[in-house]
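Open the model in your viewer and keep the sequence panel beside it. This tour moves from stop to stop, with something to select at each.

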Amino acid sequence: EDLLPKGAPVPERVLSPIPKFSETLPEALDWRWVNGTVFTSRVGYQLLPSPCGSCWAFAATGALSDRVKIATKGRLVDFSISPQALLDCAKDAGTCNGGNPNLAYHYAATVGLPDETCLPYRGMDNSNWGESPCAERLCRRCDRFGSCNFVPRNATPAIQVAEYGSVTGVAAMKAEIAARGPIACLMYAHADSFEAYTGGVITDTTRYEGITHVVTVTGWGVDRASGAPYWVVRNSFGTAWGELGYYRQLMGKDIYNMESHACAWATPARESTDELMKRSGVVL
């Protein structure tokens, strides 16, 4: 569920011009494969090792991880940002009972987020109690003898957000995805057509009430048989679900309320991606 009350202002930090829709946008654009390069991060699974309503954290960190790959031109090893970091420390953004990707990006702009090797997913809310700030406990290293220590924030790579905001509607969604990468979108996920999905393009135009899930929209395409446009969407139910963790839904029909609700976007800070490249030894 969305953590923000209905009608509450959505936090944003917009410093540069918002991308504008153009009729020259390609008929199909899928960040999973652009000019021979994969720019998307891995599919997550929010229900293992414990069921948790952390879709918002997976969608937010997944879209941001994709944008890190885009910013580093696909030359960086997969740096999958930890959704557990949000569950542990960004209590204002959400919990296992739901949350909001805009609030997640607000936290990332302030503190920064480590990758999953620092803080693996546990599917649970943890207490923030401690005599050090929660942000100082976002990365842990263990040796082969089982001794573990927290790693200082300045000694481990982390991604901070430079800008974040929202877009709503087909044109704005396409413009943002094409210009800067995947986005995290709210939708209704309790329809039979979604829960029983195994593949193909979803065409269920039933009007459902509310928002129950957050997913990552990575692009769009056109169905070869019907010529109908569709969205390409990454879920957080593992690769055994749908089309290796993805699904496609008809564009322009507000299926599952996705096009009529705000989608969150964020850009990784240049300093963060530059630091990652420096640490990797890869020269762009």
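Which residues is Asp254 in contact with, leaving aside its neighbours within four places in sequence? Select Arg207, Glu259 and Ser260: these are in contact with Asp254. Contact here means heavy atoms within 4.5 Å.

Before moving on, note that this is a predicted model, in which local features need pLDDT of at least 70 and side-chain atom pairs count only at pLDDT 80 or more, while totals for chains, interfaces and linings use all residues. Residues are numbered from 1 along each chain as its sequence is written, and side-chain values use heavy atoms, with hydrogens and water left out.

**Stop 1: the loop between S11 and S12**

Stay with Asp254. This residue is found in the loop between strand S11 (246-250) and S12. Helices (H or I, at least four residues) and strands (E, at least two) are DSSP runs, numbered from the N terminus. Asp254 counts as buried, at 17% relative accessibility. Buried means under 20% relative accessible area, exposed over 50%, and partly exposed in between (1.4 Å probe, protein chains only).

Now pick Asn257, which has its place in the loop between S11 and S12. Its phi is near 65°, a positive value in a residue other than glycine. Asn257 counts as buried, at 6% relative accessibility.

**Stop 2: backbone features elsewhere**

Go to Leu244, in the loop between strand S10 (229-234) and S11. Leu244 has a positive phi near 55°, in a residue other than glycine. Is Leu244 buried or exposed? Leu244 counts as exposed, with 62% relative accessibility.

Next, select Leu48 and Pro49. The peptide bond from Leu48 to Pro49 is cis, with omega near 5°. Pro49 has its place in the loop between strand S1 (29-30) and H1.

Then show helix H4 (residues 170-180). Its buried residues are Met173, Lys174, Ala175, Glu176, Ile177 and Arg180. Gly181 follows H4, and its phi is positive, near 125°.

**Stop 3: the largest nonpolar core**

A nonpolar core is a set of buried Ala, Val, Leu, Ile, Met, Phe, Trp, Tyr and Cys residues joined through side-chain atoms within 4.5 Å. The largest one has 44 residues. Select Trp56, Leu86, Tyr105, Tyr107 and Val161, which have the most contacts inside this core. Colour the elements that give two or more residues to it: helices H1 (55-71), H2 (83-89), H3 (101-110) and H6 (270-280), with strands S6 (161-167), S7 (183-187) and S12 (263-268). H1 gives the largest share, nine residues.

Centre on Tyr105. Not counting residues up to four places away in sequence, Tyr105 touches Ala59, Ala60, Ala63, Leu64, Val161, Tyr164, Ala184, Ala264, Trp265 and Ala266. A second, separate core has 31 residues, including Met187, Ala191, Ala228 and Val233.

**Stop 4: H1 against H3**

Hide everything but these two helices. Their axes, H1 and H3, come within 9 Å and cross at roughly 55°. Axes are lines fitted to C-alpha atoms, for helices over the stretch in contact, and angles run from 0 to 180 degrees between N-to-C directions. H1 and H3 are therefore oblique to each other. Angles under 35 degrees count as roughly parallel, over 145 as roughly antiparallel, 65 to 115 as roughly perpendicular and the rest as oblique.

Show side chains. Trp56, Ala59, Ala60, Ala63 and Leu64 in H1 meet Pro101, Ala104 and Tyr105 in H3.

**Stop 5: the loop between H3 and S4**

Select Asp115, in the loop between H3 and strand S4 (140-142). Asp115 is buried, with a relative accessible area of 10%. Not counting residues up to four places away in sequence, Asp115 touches Phe79, Ser80, Ile81 and Ser82. Draw a C-alpha to C-alpha distance to Pro83: 8.6 Å in space, against 32 residues in sequence.

Move to Asn128, which lies in the loop between H3 and S4. Asn128 is partly exposed, with a relative accessible area of 29%. Leaving aside neighbours within four places in sequence, Asn128 is in contact with Asp88, Cys89, Lys91, Cys134 and Arg137.

Finish on Lys91, in the loop between H2 and strand S2 (94-95). Lys91 is partly exposed, with a relative accessible area of 28%. Lys91 and Asn128 are 37 residues apart in sequence and 8.8 Å apart in space, C-alpha to C-alpha.
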